[in-house]
Amino acid sequence: MAKSKFEYVRNFEADDTCLRNCYIVVRLDGRNFHKFAEQHKFTKPNDDRALGLMTRSARSVMGELEDIIIAYGQSDEFSFVFKRTSTLFKRRASKLMTHVASQFSSSYVFYWKDFFGEQPLLYPPGFDGRVVLYPSNRNLRDYLSWRQADCHINNLYNTVFWTLVQKGGLTTVQAEDRLKGTLAADKNEILFSDFDINYNNEPALHKKGTTLIWEKRDETVTKRMKRPDWRGGGRACDSQQEDGAGLSL
Ligand code: DGT
Ligand code: MG
Ligand code: MG
Ligand code: MG
Ligand code: MG
């Protein structure tokens, strides 16, 4: 295509190529989900429909964008890890982040009904995105541990808080006061002594969040190939081969 005199404006684009050899992590987070959860009557502290929809949307992202090796989600956030050697979108941060965010957002709306049935989606939700690079396995592992620790800390707090309100009859202000200055052990103790709840027995989905990985699966691929034949001329035959990967939770 012939160059126009306007072509120079291209040079204003910033170079946002992600450093080679690093894991590229894209983390999405729901915009103002405090309000979104209220308006859509999410159950407290955890709404399994909402968590299921987040996971379904993350699966869609993993299915559509190559090179994501693992994804981790909790609450209104999901992190996607691209393999270190990925050259997808020439490793351009803005392309990777916006593709992940838009695929996730459209999937969230597309699959809404599968999780919320007839309950209407009241307005279009949005998700912010950021890109972080991690140069070592240790850093990546610590990143995922950090997000999971966040899940655990929030879930323990929220579980006790809503138990005090829903089962203990406290107001939200009283529950907040009751929890001020308490450590994890104190929170476990409140649940156990006052409500006969062993936090360890709470669902793993709520305590730990969700991890999506690719799993090698046996898959039958049928190929047509020609085989030399003593009668001369080729003859088609079928051969089978096991290969492929499937997405599993
Ligand atoms: P942001 O991210 O700065 O735009 O603001 P928010 O409001 O999204 O805040 P964030 O992301 O720090 O916290 C997530 C909010 O989403 C939090 O207020 C609780 C709500 N949320 C997430 N999952 C659930 C759920 O399963 N049940 C309920 N009731 N609320 C949830
Ligand atoms: Mg949020
Ligand atoms: Mg926030
Ligand atoms: Mg959040
Ligand atoms: Mg285009």
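A residue counts as buried when its relative accessible area is under 20%, as exposed when that value is over 50%, and as partly exposed in between. Keep these words in mind on the tour, which goes through a predicted model.

**Stop one: a loop with a positive phi**

Begin by selecting Phe-89, which sits in the loop between strand E3 and helix H3 (93–110). Because its relative accessibility is 28%, a value between the two cut-offs, Phe-89 counts as partly exposed. Its phi is near 50°, which is a positive value in a residue other than glycine. As background, most residues other than glycine have a negative phi.

Now move to Asp-196, in the loop between helix H7 (184–195) and helix H8 (204–208). Here too phi is positive, at about 60°, although Asp-196 is not a glycine. Is Asp-196 buried or exposed? With a relative accessible area of 66%, Asp-196 is exposed.

**Stop two: a magnesium site**

Select the magnesium ion (ligand 2) next, and show the residues around it. Which residues coordinate this ion? They are Asp-29 and Asp-76, each through OD, and Gly-30 through O, at 2.0 to 2.2 Å. The site of the magnesium ion (ligand 2) has six donor atoms, and with angles of 81 to 179° among them it is octahedral. For comparison, the ideal angles for six octahedral donors are 90 or 180 degrees.

Along the sequence, the donor residues of the magnesium ion (ligand 2) follow the spacing D-G-x45-D. Asp-29 belongs to strand E1 (residues 23–30), while Asp-76 belongs to the loop between strand E2 (68–74) and strand E3 (77–82), so the pair ties together parts that are 47 residues apart in sequence. Asp-76 has a relative accessibility of 13%, and therefore counts as buried.

Colour the protein chain by its domain assignment, which gives domain 1 as residues 15–135 and domain 2 as residues 148–210. The C-alpha centres of domain 1 and domain 2 are 27 Å apart. If you show the contacts, you will find eleven residues of domain 1 touching 13 residues of domain 2. The area buried between domain 1 and domain 2 is about 960 Å², and carbon and sulfur atoms give 53% of it.

How many salt bridges does the rule find across the interface of domain 1 and domain 2? It finds zero.

**Stop four: Lys-44 and Pro-45**

Zoom in on Lys-44 and Pro-45, where the peptide bond from Lys-44 to Pro-45 is cis, with omega near 0°. As background once more, most peptide bonds are trans. Pro-45 lies in the loop between helix H1 (33–39) and helix H2 (48–64).

Then show the side chain of Lys-44, which meets that of Glu-38 in a salt bridge, at 2.9 Å from N to O. Lys-44 is partly exposed, with a relative accessible area of 33%, and Glu-38, at 44% relative accessibility, also counts as partly exposed.

In general, side chains of opposite charge can pair when their charged atoms come close. The structure holds eleven salt bridges, and one of them joins the side chains of Asp-67 and Lys-83, at 3.6 Å from N to O. Asp-67 is in the loop between H2 and E2 and Lys-83 in the loop between E3 and H3, so this pair ties together parts that are 16 residues apart in sequence. The relative accessible area is 21% for Asp-67, which is partly exposed, and 32% for Lys-83, which is partly exposed too.

Go on to Glu-215 and Arg-217, which form a salt bridge whose closest N and O atoms are 4.0 Å apart. Glu-215 counts as partly exposed at 38% relative accessibility, and Arg-217 is partly exposed with a relative accessible area of 39%.

**Last stop: Leu-212**

Finish at Leu-212, in strand E5 (residues 210–216), which is buried with a relative accessible area of 0%. From C-alpha to C-alpha, Leu-212 is 24 Å from Arg-92 in space, and the two are 120 residues apart in sequence.

Definitions and conventions: Residues are numbered from 1 along each chain as its sequence is written. Chains are lettered from A and ligands numbered from 1 in the order in which they are written. This is a predicted model: local features need pLDDT of at least 70, side-chain atom pairs count only at pLDDT 80 or more; totals for chains, interfaces and linings use all residues. Side-chain values use heavy atoms; hydrogens and water are left out. Donors are N, O and S atoms within 2.8 Å of the metal (3.2 Å for Na, K and Ca); water is not among the atoms, so sites may look incomplete. Four donors count as tetrahedral if all angles lie between 85 and 135 degrees; four count as square planar and six as octahedral if opposite donors are over 155 degrees apart and all others between 65 and 115; anything else is irregular. Helices (H or I, at least four residues) and strands (E, at least two) are DSSP runs, numbered from the N terminus. Buried means under 20% relative accessible area, exposed over 50%, partly exposed in between (1.4 Å probe, protein chains only). Domain bounds come from an automatic or database domain assignment. Contact means heavy atoms within 4.5 Å. Buried area is the accessible area (1.4 Å probe) that two parts lose on being put together, summed over both.
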